[in-house]
Amino acid sequence: MYRKQVRRRRAVLVLLVVACLMLISISISQAESGPLHSVQRSISSVLNPIADGADRALKPARDLVNWFDETFDARGENEELQSEVAQLQEENLALRDAAEEAGYDAELEKLAESSGLDGYEQVGASVRMRSFTTWNATMTIDAGSSDGVERDDAVVTDDGLAGIVTDVTGGSAVVDLITNPDIAVTARVVGEGPVGLIVPIVGSNRLDFTLIQGDKEVKDGDELVTAGFSSDETLASIYPAEIPIGAVKEAIPAEQAQRQQVTVEPFADLADLDQVTVLTGGEQ
Amino acid sequence: MIVTPPILARLALIVFLAVIFQLAFFSRVPLLGSVANLIPVVIVALGLLGGAVTGAVSGFAAGLLIDTMIGGTPGVTSLSLMAAGYLAGRWREGYDIVSSLVPPLLTGALCGVAALAYAALQLTLGVDAQVSALAIREILAQALLGALLAIPVFPLIRRVLRPALVDDARGRARVSSGAMSRGVERGRWRLSA
C-alpha cells in the first residue's frame, strides 16, 4: 500500500515537471501569435472582469496601507523638501528673468510644441494587477485594444517612462516595466548629451545606462530622456522621443571610463503605480 | 487528506483567491523593499495539510494561473511553487507538527526556496541585464514576510479544509470518546457514591 502511494506520488511529480518543461519550451520557441499565447490571452480575457472586481474591492485596503507608508515617509522628507522648494523658487525667478532678457520665450514654446509626443494619442488607464518579483516586473492595465492600445505602445506616468505594452486583449493590456530584464531603451542625456542604452539592474529599482557615444562625460544629476533613435527605415526605437526616464545617480569617472556605464534612478515611482497613460498611434 | 469533489472545489477556490489577492493587493503594497508573496504561503499550507501530491498539484495550478494573468513564461512559476508545495508535503509525511511555530518557520524557509528556484530558473533561461546583489534581499524579505503571513493563513486554511483532514478527524474522535468515557466514569462514581 505504502509503495503504491510512493509510486503514485513520484509519477505525479514527474508528470508535472515534464508538463512545466514542455510549456516553457513551447512558450520560448513559439511566436506571440502561436496557439499557447492565444490560449493564455483567451483565459486572461475571461478572468479580466474578476480581476477588475477584485482590484476595485481591494482598493480601500490598499490605499489605507499606502497612506500609512506615505505618511511615515513624508514626515522625514518634509523639512528637507521645504528648504529645497525655497531654493528652487529663487532659482526659477532668476532663470525667468534671464530668459526674458535674452528673449527665449518664443523658442521655449516652439520646443514644447515639437516634443516627441506629437501625433500620439493618450489613453488613460488604471493598474489592475502587478507581478511580485523583479525578475518579471510586469503589470496589467484596464485599457486594451478596444481603447486603441496596441502592442509596443509606450506607457508613462506624470513623472516619466514606466514601460511598454507587450500583450493586448480587448479590455486589458500587459505592460513590461522598465525594470523588467526583457526591456531596453535607447536614451540620451538632456540637451546635446551622449546617447546610450538603458537596461535594468535586476534586484534593484535602478537602471544601467551604457554609453554608445563614450567620448562625452556624464555627471551625477544629469537627466535622461528617450532618444527616439532612428538610423534608417528598418531600425527605429519603439519609444517616442523626449520622454523623461530618470536621473544619473552614480557616475563614477573610473567606471565610466572603463565600462562606459552609469547608474540611473527612474523618475516614475514604479513601486507605487496606480494611474498611467498609454501613448498610442504615432510613428511606430 | 481525503479529497472529495467538494474538497477539490475548496482547494481550487483557495488557490484562485490567493492568486487574485496576491496580484491585486499584496503585489501593490511594498514592504521591506519587496512585496509579500501570499501564494507560496498558501501552497506550503496545502502541502503541509494535504501531502506532497496536493502541494505539487496546487503549486502547478497556481503558477499557471499567475503566468496567464500577468504574462509570464508559462511553467516557470509553476516549477518554483511545485518545489515549495512538494517539499512541504514530504516534510508533513515524515514528521508531525509538534509546535505552533513549525508552520510559520517552515513556510518562511520554503518561501525562500520558491523565490530562489524562480531566480535560478530565470537565470537559466537567460537574463539580458545585470543582476544586483540586492536580488538576495528580495529572497530574504519574501522568506521573512512569508513566515509572518503564515501565522494567520495556516490556521485559516486548516479551518476551511477541516472536514477532509484525517488528523483532525482522529483528534475529534479521540476527544469525543475521551469525554464520553470520563462522563461514564463520573456517572459511575456518582452512582457508587
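This is a predicted model: local features need pLDDT of at least 70, side-chain atom pairs count only at pLDDT 80 or more; totals for chains, interfaces and linings use all residues.
Of the 193 residues in chain B, 51% are buried.

Two helix pairs of chain B were examined in turn. For helix 1 and helix 2 of chain B, the axes come within 8 Å and cross at roughly 160 degrees. Because this angle is over 145 degrees, helix 1 of chain B is classed as roughly antiparallel to helix 2 of chain B. The crossing of this pair is right-handed. On the side of helix 1 of chain B, the contact is formed by L11(B), I14(B), V15(B), A18(B), V19(B), F21(B) and Q22(B), and these face L38(B), I39(B), V42(B) and L46(B) of helix 2 of chain B. The composition of this contact is 10 nonpolar residues and one polar residue, with no charged residues.

The second pair consists of helix 2 (residues 38-50) and helix 3 (residues 52-70) of chain B, whose axes come within 7 Å and cross at roughly 155 degrees. Helix 2 of chain B is therefore roughly antiparallel to helix 3 of chain B, and the crossing between them is right-handed. Helix 2 of chain B contributes I39(B), I43(B), L46(B), G47(B) and G50(B) to this contact, while helix 3 of chain B contributes A52(B), T54(B), G55(B), S58(B), G59(B), A62(B) and I66(B). Here the residues divide into six nonpolar and six polar, again with no charged residue.

The contact between the chains involves 42 residues from chain B and 47 residues from chain A. On the side of chain B, at least two residues are supplied by each of helix 1 (5-24), helix 3, helix 4 (76-94), helix 5 (102-125), strand 3 (130-131) and helix 6 (134-160). Helix 3 of chain B provides the largest share of this side, namely eight residues. By class, the side of chain B that touches chain A comprises 27 nonpolar, 12 polar and three charged residues.

The largest nonpolar core has 120 residues, and those with the most contacts inside it are A162(A) and I245(A) from chain A together with V42(B), A45(B) and A62(B) from chain B. The element that gives the most to this core is helix 3 of chain B, with 12 residues. Within chain A, and leaving aside neighbours within four places in sequence, A162(A) is in contact with V155(A), V156(A), T157(A), L177(A), I178(A), A268(A), L270(A), L273(A) and V276(A).

A further residue of chain A, S145(A), lies in the loop that joins strand 2 (138-141) to strand 3 (154-156) of chain A. S145(A) counts as partly exposed because it has 14 C-beta neighbours inside 10 Å. Apart from neighbours within four places in sequence, the residues in contact with S145(A) are V168(A), T169(A) and G170(A). The C-alpha atom of S145(A) is separated by 46 Å from that of Q87(A), a residue 58 residues apart from S145(A) along the chain.

Definitions and conventions
Residues are numbered from 1 along each chain as its sequence is written. Chains are lettered from A and ligands numbered from 1 in the order in which they are written. Axes are lines fitted to C-alpha atoms, for helices over the stretch in contact, and angles run from 0 to 180 degrees between N-to-C directions. Helices (H or I, at least four residues) and strands (E, at least two) are DSSP runs, numbered from the N terminus. Angles under 35 degrees count as roughly parallel, over 145 as roughly antiparallel, 65 to 115 as roughly perpendicular and the rest as oblique. A crossing is left-handed if the near helix is turned anticlockwise from the far one by less than a right angle, and right-handed if clockwise. Two residues are in contact if their C-beta atoms, placed from the backbone, lie within 7 Å. Ala, Val, Leu, Ile, Met, Phe, Trp, Tyr, Cys and Pro count as nonpolar, Asp, Glu, Lys and Arg as charged, and the others, Gly among them, as polar. A residue is buried if 20 or more other C-beta atoms lie within 10 Å of its own, exposed if 12 or fewer, and partly exposed in between; C-beta atoms are placed from the backbone. A nonpolar core is a set of buried Ala, Val, Leu, Ile, Met, Phe, Trp, Tyr and Cys residues joined through C-beta atoms within 7 Å.
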